[in-house]
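Colleague: Please take me through the salt bridges in this model. I want the criterion behind each label.

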Amino acid sequence: MADHHAPIVRLFGPGELPVRIPDWPEAVGLAVCRVEGKTLAFVPWHVSEKPQVLRRRLVNEAGPALQGFVFYPAAKGSTPVTLPPGEDARILGELDSAMRGLPRLLEEANDFAINFEFAAEEGLSLDALSDGNRRKAELAAKAQPVITDQLPVGYVPFVKADPDCEMIAGAVLRPAGAAGVDLVLQPNANARELPAEVSVLVREDSLRVAIQLGPILVNGRLPAVLRLPSGALMLGKTGGRPVPAMVLRRSGMLFVAPDYSAVATAPQLPVPEAKKASKLPWVWILGGLLALVTTLAVAGAVVWALQPAAPEPQPLAPVEDLRSNLFAPAPQ
């Protein structure tokens, strides 16, 4: 039995792949590269590929951590190994999810099939055409100043209008707690969980998602409320309130993003009651002092106005008159 932590490559032949994809190359399978119970890479392989060539290519693709790995099922001339049933089922489940959720696997498989056939016809080494060596060549080429016609990420050349393109108005995104986010297309309805086979594509910033349209339709119509997986779409701090959503139906996908431009500007926070109360005593004191000063000024003005006028001073007698009167003989 293989050690759970030892490097191992689980080989799935073309007929063992868990998902049937119409355009999948018929002679190409997938190798699941695992180290310490974790998957490092899904690598295409050809049924005609020699084990030693495949071994060297897998290490080149998955990295040096895969050194010394064993094949399961065992390759010709290798020591047979077995996997616990639970571990093999877990690997099969990961491969199933990857084939449904990673469209690039089909592209890589087709590119590999073309490269393998070309190398076989021309007598070339497949190592030179491996993805790892090709990436090294691309990095070296990027070091040279070249002019490219690459399109911005997310854009495709316009050919003609898509007749199935439709903007869905009135949709909102409603926080659903730990359960995720509800896409509400019609109010007052129960949320419908996404079927297991639905592919959900998430932008790296977690602000937009694209959902495979076909499996979620009910009699050709979208459900009234659709629950998105927890963590697939991040909403800002809305206080539990719904956020308007931009919803686009196009090319077999449903594109969903929050429309924060439609959210009204948040009102200013009210002043806490404690701060209001702390300011009131000073207002009262200043008001009382102002009233006291005003009252004293008015009272002083009234008292001054009511006070009687002072009598005019009498002129003093001359000094000589006082002396003559002082020494005058007394009347007989």
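Predicted model: local features only at pLDDT ≥ 70, side-chain atom pairs only at ≥ 80, totals over all residues.

Modeller: Residues are numbered from 1 along each chain as its sequence is written, and side-chain values use heavy atoms, with hydrogens and water left out.

Colleague: How many salt bridges does a search of the whole structure find?

Modeller: Nine.

Colleague: Why is the contact of Arg-34 with Glu-87 called a salt bridge?

Modeller: The definition asks for a side-chain nitrogen of Lys or Arg within 4 Å of a carboxyl oxygen of Asp or Glu. The closest N and O atoms of Arg-34 and Glu-87 are 2.9 Å apart, so the pair qualifies. Arg-34 lies in strand β2 (residues 28-35) and Glu-87 in helix α2 (residues 85-101), 53 residues apart. Helices (H or I, at least four residues) and strands (E, at least two) are DSSP runs, numbered from the N terminus.

Colleague: What makes Arg-34 buried?

Modeller: Buried means under 20% relative accessible area, exposed over 50%, partly exposed in between (1.4 Å probe, protein chains only). Arg-34 has 2%, so Arg-34 is buried. Glu-87, at 7%, is buried too.

Colleague: Is Glu-94 buried or partly exposed?

Modeller: Partly exposed, because its relative accessible area is 28%. Glu-94 also forms a salt bridge with Arg-34, at 3.3 Å between the closest N and O atoms. Glu-94 is in helix α2, 60 residues from Arg-34.

Colleague: How do you know that Arg-57 forms a salt bridge with Glu-49?

Modeller: Their closest N and O atoms are 2.7 Å apart. Arg-57 is buried at 3%, and Glu-49 is buried at 9%.
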